[in-house]
Amino acid sequence: MNATRSVLFEPVARGLFFVLHVFAVYLLLRGHDLPGGGFIGGLVSAISWVMLGLALGWSEVGRVLRVDPARLAAMGLTVAGVTGAAPMLWGRAFFEQFFWHGTVPFLGEIHLGTPLAFDAGVFLVVVGITVKMIVVLGRSTSGMRAFPRVEADRYFSILEEPIEGPASTPKEKGGTDAG
Amino acid sequence: MNLVVAPLLMPFLTAVVVLLVGGRTRVGRGLTVASCVGQVLAALALLVRTAGSGIQVVAVGGWPAPHGIVLVSDVLAALMTVLASVTILAGTVYGVLEMPARLSHPLRLPLMQFLAVGIQLSFLTGDLFNLFVAFEILLVSSYALLTLEADDWDVKQAFPYLAMNAVGSTLFFCAAGLTYGLLGTLNFADMAMRSTALVGDPRLMALALLFLAVFGLKAGLFPLYYWLPHSYPTLATPVAGVFAGLLTKVGIYVLIRMCATVLPHELTGLHALIAWASGATMLLGVLGAISRNFIRGILSFHIVSQVAFMTLALGFFTPLSVTAAIFYIAHHILVKASLFLIGGVAALLNRTDDLARMGNLWKAAPWLGVLFLAQAMSLAGLPPLSGFWGKYLIVVEGVARREYVLVAASLVASVLTMFSMLKIWLAAFWNEDPTVVVHTEDPRWRPLAWICAGMVAISLTIGLGAEPLLRLAKQASSMAMDREGYARAVLSTGGKEVQP
């Protein structure tokens, strides 16, 4: 992977990583009433991760992100699900939303609501799934193991044969069903 | 009121928590099984509540229908959630007992729970687009489960499943768009109210035919069943049991919901088409079953053939025949899932499910043979087992409507079902080939057989005491066919004021 590192692309990707993240959070925050939201914000954030991976190598993404992106997605689903379920604890409707409107020193007038928590969950899901898929594809096309060794335990069973590798002759599976 | 949410919220939370703690850990496995038990209890509570006090509606987020999305539980939907949660419990426990934690696949349990979310949401939703979402959850989980421990051969077999269902989803999407264009709403209750004015309009008929294509594909009806019998045999036993029991039945449930509740009852051409497609399906399916010579292959083709009995009953479209269809669904989910599990135990004992290399099971495990025989005879429709009552009602309705060709087709299909079941029986149980070894020393088979016994006990209860379930099915069908009642219950549910 190091052979393709570029003097120009690398600093640009590093710089844009932060710019794009600021933009992603901006999209997330304005999403309730205006175009934007968790999905779009998550995609923008995922793009910056992919760019980082292209510039620095895919193993760097794992080193910078620290957590398995798929776990990030699972956390996002938990946040979104709990946001939906929580109002029921107080006898309100499933996915009912609540807002708080007020003024905060330095920030001015703000409008906060539970949909923001749901959107943050969506954000995490989108980032997690997109980054995971592209990192797996990127790693396996650049000669690395698709999953780092520590992660294999979460994605494979011991009995599983790797799907890549030379195509084997079709095993005899239950008689003559060759269709 | 919020009880309606429980059958789909519980598997969702279980799935994400198990994803985080790991599907192979003791905590993850224990949590999943406990949650499955909880889901059965929640679904039962929902059924009792719905049967006792009428349609339960939840306006999600407090936004009332027709603008918000509603979750609706009538008796039919609640009955389906009970059946689904029981099947998923059996499949999950079977999977946990079959494989020690070390060897099991870490993603199977969470994916099964996501599959449960999709299935339960399809039953409970009251909104066409929400139904599309439910189908997608269900399908994506099933794609993953199909290829979870797949080798090249399995992937090849799974491909038609993916291709056909992707086409189905696209058509569904188009159908939803056309519905909105034609009726201006996607809420089932509102669709029911507005479509009444369009009776006789060819556009409504075209839309109904598109729905038939979409949901007939999911159910595995005549020209559209190619994906099913080749992909199911590649699945691991517990997953195959859940797929076989539930996935096609989701399609049938939606067909019933569409024909009985949403679309006007005057579309007799649609009903006749369903009936004739069913006649073709049941014969072709059972012929396919006879041509197979391994247990999972035979059983997979039987799904196709049996599905047609339910749609045939729906196609007759009288109150009694819809009752028969609902009764038949309940019977079929339990019997089919348990047959797959029994076949799995037999395959575990013989280390193969190729009928040419099986044998000696009757001598080694007679009770397994009894379980198999009970379910096989029930599938063929012998009295007094559960399959008989559904078929009896269908034949009675068919004769009353003078559909003699279709009645003959269903009887021929039943005899051929019996024939192919006897093929399994003779080759696997009765056959005394001295060269075949039965691995009774494997300690796993007894607990697994007990799970099968539990399923068989439930379906025997249905067969021997058919009256209560029949009453419930009758209540379900009259509630589902009461379009005004459904619409009134859904549209009168209050919520927040919708601001202009």
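Biologist: How far apart are the end C-alpha atoms of α13(B), and what should its 32 residues span?

Modeller: Happy to start there, keeping in mind that this is a predicted model. At 1.5 Å a residue, the 32 residues of α13(B) should span 46 Å. The end C-alpha atoms agree with that, because they are 46 Å apart.

Biologist: Is α13(B) mostly covered or mostly exposed, and how many of its residues are buried?

Modeller: A residue counts as buried if 20 or more other C-beta atoms lie within 10 Å of its own. By that count α13(B) is mostly covered, and of its 32 residues the number buried is 28.

Biologist: Which residue follows α13(B), and what is its phi?

Modeller: The residue after α13(B) is Arg351(B). Its phi is positive, near 60°.

Biologist: How are α10(B) and α13(B) oriented where they pack?

Modeller: Two packed helices are described by the angle between their axes and the distance between the axes. Here helix α10 (residues 237–262) of chain B and helix α13 (residues 319–350) of chain B have axes 7 Å apart, at an angle of about 170°. Angles over 145 degrees count as roughly antiparallel. Therefore α10(B) is, relative to α13(B), roughly antiparallel.

Biologist: Which classes of residue make up the contact of α10(B) with α13(B)?

Modeller: From α10(B) come residues including Val242(B), Leu246(B), Lys249(B) and Ile252(B), while α13(B) brings, among them, Ile329(B), Lys336(B) and Phe340(B). Sorted by class, the residues of this contact are 14 nonpolar, four polar and two charged.

Biologist: Moving to the contact between the chains, which element of chain B gives the largest share of the side that touches chain A?

Modeller: The contact takes 29 residues from chain A and 34 residues from chain B. On the chain B side, α1 (6–21), β1 (56–59), α6 (152–183) and α12 (295–316) each supply at least two residues. By class, that side has 17 nonpolar, nine polar and eight charged residues. The largest share, six residues, comes from α1(B).

Biologist: In what order do the elements of chain A run?

Modeller: Chain A has six helices and two strands. Of its 179 residues, 28% count as buried. Read from the N terminus on, the order is α-α-α-α-β-β-α-α.

Technical notes. Residues numbered from 1 in each chain as written. Chains lettered and ligands numbered in written order. Predicted model: local features only at pLDDT ≥ 70, side-chain atom pairs only at ≥ 80, totals over all residues. Contact = placed C-beta atoms within 7 Å. Helix = DSSP H or I, 4+ residues; strand = E, 2+ residues; numbered from the N terminus. Nonpolar A, V, L, I, M, F, W, Y, C, P; charged D, E, K, R; others polar. Buried ≥ 20, exposed ≤ 12 C-beta atoms within 10 Å, placed from the backbone. Axes fitted to C-alpha atoms, helices over the stretch in contact; angles between N-to-C directions. Parallel < 35°, antiparallel > 145°, perpendicular 65-115°, else oblique. Expected span 1.5 Å × (residues − 1).
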